[in-house]
Amino acid sequence: KILILDFGSQVTQLIARRIREAHVYCEVHPCDVSSDWLRQFAADGNLKGIILSGGHASVYDVDDRAPDAVFELGVPVLGICYGMQTMAQQLGGQVQGSNTREFGYAEVRAHGHTALLKDIQDFHAPEGHGMLKVWMSHGDKVTNLPEGFKVMASTPSCPIAGMADEARRFYGVQFHPEVTHTVQGRAMLERFVLDICAAKPDWIMRDHIEEAVEKIRAQVGDEEVILGLSGGVDSSVAAALIHRAIGDQLTCVFVDHGLLRLNEGDMVMNMFAGGSSYGRPEDEPAPSEGSERSERGGKKNHAKVVRVDVSQLFLDALKGVSDPEQKRKIIGKLFVDVFKAEAEKLKASGAGHKGATFLAQGTIYPDVIESGGAKSKKAVVIKSHHNVGGLPEQLGLKLLEPLRDLFKDEVRELGVALGLPHDMVYRHPFPGPGLGVRILGEIKKEYADLLRQADAIFIEELRSTIEPNSGKSWYDLTSQAFTVFLPVKSVGVMGDGRTYDYVVALRAVQTSDFMTADWAELPYALLKKVSSRIINEVRGINRVTYDVSSKPPATIEWE
Ligand code: XMP
């Protein structure tokens with residue numbers, strides 16, 4: 001295994017992803033673990049190497065340093081950005097503060113004699129030496145090498161952009177190999193973990209299913225589990241996996257908050273209940289006030305799903321609220337409240353069983369890292385996500401999170417292996433707050449209805465338009481695509497009449513990690529068709545725009 005110590009960079013989890021993609025198991029832990037903890041972590045003899053992540057701070061502003069044991073265990077260490085600076089400082093070198101930040105694309109002269117960079121380069125400079133195209137992000141820089149180190153990479157403004165002590169196998173790079181903008185980044189990380197650390201590439205999904213099923217069975221025994229199904233990839237795969245392990249001991253609760261896409265609720269129910277209708281059993285408790293409840297499934301190959309329609313409740317709670325963070329918080333809290341109430345009912349009623357003692361969640365590894373589960377407390381909160389919370393303690397339930405160690409692409413691989421429909425598993429991600437963050441400002445049902453229709457047209461056209469060179473649909477060629485409702489009106493002309501209607505923005509991005517993203521260069525013909533269909537078919541929208549902002553500095557969602 002490889003250990004990544006997190007100094008708070010927004011992209012730390014990408015390091016972990018790249019390493020998992022090389023089929024090497026790794027874990028992210030906060031940088032302030034103690035040396036004792038680290039020695040304990042390494043005690044089983046499986047620790048093959050350590051990576052120190054970047055941070056958003058300066059070595060002068062914070063006293064974050066790696067535990068001393070990092071440099072005493074005899075395993076290779078790679079410091080990235082802040083990680084390199086703290087390594088330099090802790091080992092006796094010098095770091096100089098700076099008021100200017102270098103940020104973005106850079107070309108770095110690479111000293112290919114080092115084990116880390118040997119034969120890895122993008123092109124040759126006219127003088128003959130190898131060059132790398134990288135993503136730089138730094139203010140401070142290393143100005144004096146610690147003893148034993150030599151320069152491994154340099155730029156005119158950053159003469160020590162990389163350093164190496166090959167005897168101790170300590171390496172530092174000032175740029176970020178984990179982001180895709182660093183063209184050879186993957187090759188460098190693979191070189192580090194596979195060659196320099198000699199970690200075994202034995203992390204494979206097929207084996208993981210058996211292991212995960214066994215683990216769930218052992219953890220749950222003959223007790224019962226409830227799971228909050230959102231229809232998203234994560235909770236669906238979690239449901240399928242847990243169902244594979246314990247069958248009817250699992251009940252899923254699907255909270256329909258009314259901020260879902262067109263027909264999404266029915267789709268979720270069909271997927272899990274196999275399209276069969278299923279009446280409410282005699283002993284089923286009556287629907288709670290303001291909510292409609294229906295249950296399906298419970299048959300051999302299908303998980304039991306209880307659907308709760310609480311759209312009105314959500315609309316009422318969001319009335320008059322336009323601040324994005326406040327909206328997110330309200331949706332998150334209400335979701336938890338409704339789910340809690342349903343879970344209590346299931347617990348109490350037993351509905352033919354003993355009542356649940358476990359709460360399952362589709363938490364995946366990035367959620368764990370982002371929500372501070374791995375105490376990445378130093379990262380700045382950009383948006384409040386609402387998947388991981390204190391729910392289980394409040395409910396008095398034990399937590400079951402079978403996807404906790406997995407990244408998104410690993411979850412998808414698992415979903416397909418479990419037999420979920422390919423289209424569902426490879427669906428674009430959909431945020432927890434749903435259309436709530438795609439209707440700018442105050443949320444109204446009228447807006448949600450217009451947005452659903454427009455969005456469905458966009459997605460339909462993306463799915464049916466094939467890009468001839470790749471033979472793939474534009475849906476598959478984009479990582480996330482959706483429509484945003486803008487609560488402003490503009491003037492238009494239709495037939496002989498004047499219109500004064502709403503505007504929508506189409507958003508389509510390409511990204512491999514959702515931390516950075518480029519807007520997709522969709523063909524004009526496709527945009528034209530989508531625009532004319534939306535304006536003609538959705539009464540109430542008379543203008544369609546296309547969002548041409550990348551992340552950063554924009555985010556993917558508009559709120
Ligand atoms: P941003 O807008 O931050 O989005 O660039 C990055 C990715 O995260 C998704 N997203 C969320 N997912 N709960 C989620 O489960 C949330 O609250 C949430 N907010 C944003 C977004 O759709 C994109 O894929």
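This is a predicted model: local features need pLDDT of at least 70, side-chain atom pairs count only at pLDDT 80 or more; totals for chains, interfaces and linings use all residues.
**Stop 1: the annotated active site**

Select Cys 81, His 176 and Glu 178, which an unreviewed UniProt entry lists under "active site". These residues are spread over 98 residues of sequence, yet they cluster in space, and the largest C-alpha distance among them is 11.1 Å.

Next, centre the view on Cys 81. This residue is found in the loop that lies between strand S4 (77-80) and helix H3 (82-90). Is Cys 81 buried or exposed? Cys 81 counts as buried, because 27 C-beta neighbours lie inside 10 Å, and the cut-off for a buried residue is 20 or more. Now display its contacts: leaving aside neighbours within four places in sequence, Cys 81 is in contact with Ser 9, Gly 54, Ser 137, His 138, Gln 174 and His 176.

Beyond its neighbours within four places in sequence, His 176 is in contact with Val 11, Gly 54, Ile 80, Cys 81, Trp 135, Ser 137 and Thr 182.

**Stop 2: the annotated binding site**

Select Ser 230, Gly 231, Gly 232, Val 233, Asp 234, Ser 235 and Ser 236, which UniProt, again in an unreviewed entry, lists under "binding site". Within this group, Gly 232 is found in the loop between strand S13 (224-229) and H6, whereas Asp 234 lies in helix H6.

Gly 232 is buried, since 20 other C-beta atoms lie within 10 Å. Asp 234 is buried as well, with 22 other C-beta atoms within 10 Å. Which residues does Asp 234 touch, not counting residues up to four places away in sequence? They are Gly 362, Ile 364, Leu 403 and Val 411.

**Stop 3: the packing of helices H5 and H6**

The crossing of the two helices is right-handed.

Finally, show the side chains where the helices meet. From H5, select Ala 212, Val 213, Ile 216, Arg 217 and Val 220; in H6 they meet Leu 241, Ile 242, Arg 244, Ala 245 and Ile 246. By class, this contact has eight nonpolar, no polar and two charged residues.

Technical notes
Residues are numbered from 1 along each chain as its sequence is written. UniProt positions are given in the numbering used here, feature names are shortened, and annotations may be inferred rather than shown by experiment. Helices (H or I, at least four residues) and strands (E, at least two) are DSSP runs, numbered from the N terminus. A residue is buried if 20 or more other C-beta atoms lie within 10 Å of its own, exposed if 12 or fewer, and partly exposed in between; C-beta atoms are placed from the backbone. Two residues are in contact if their C-beta atoms, placed from the backbone, lie within 7 Å. A crossing is left-handed if the near helix is turned anticlockwise from the far one by less than a right angle, and right-handed if clockwise. Ala, Val, Leu, Ile, Met, Phe, Trp, Tyr, Cys and Pro count as nonpolar, Asp, Glu, Lys and Arg as charged, and the others, Gly among them, as polar.
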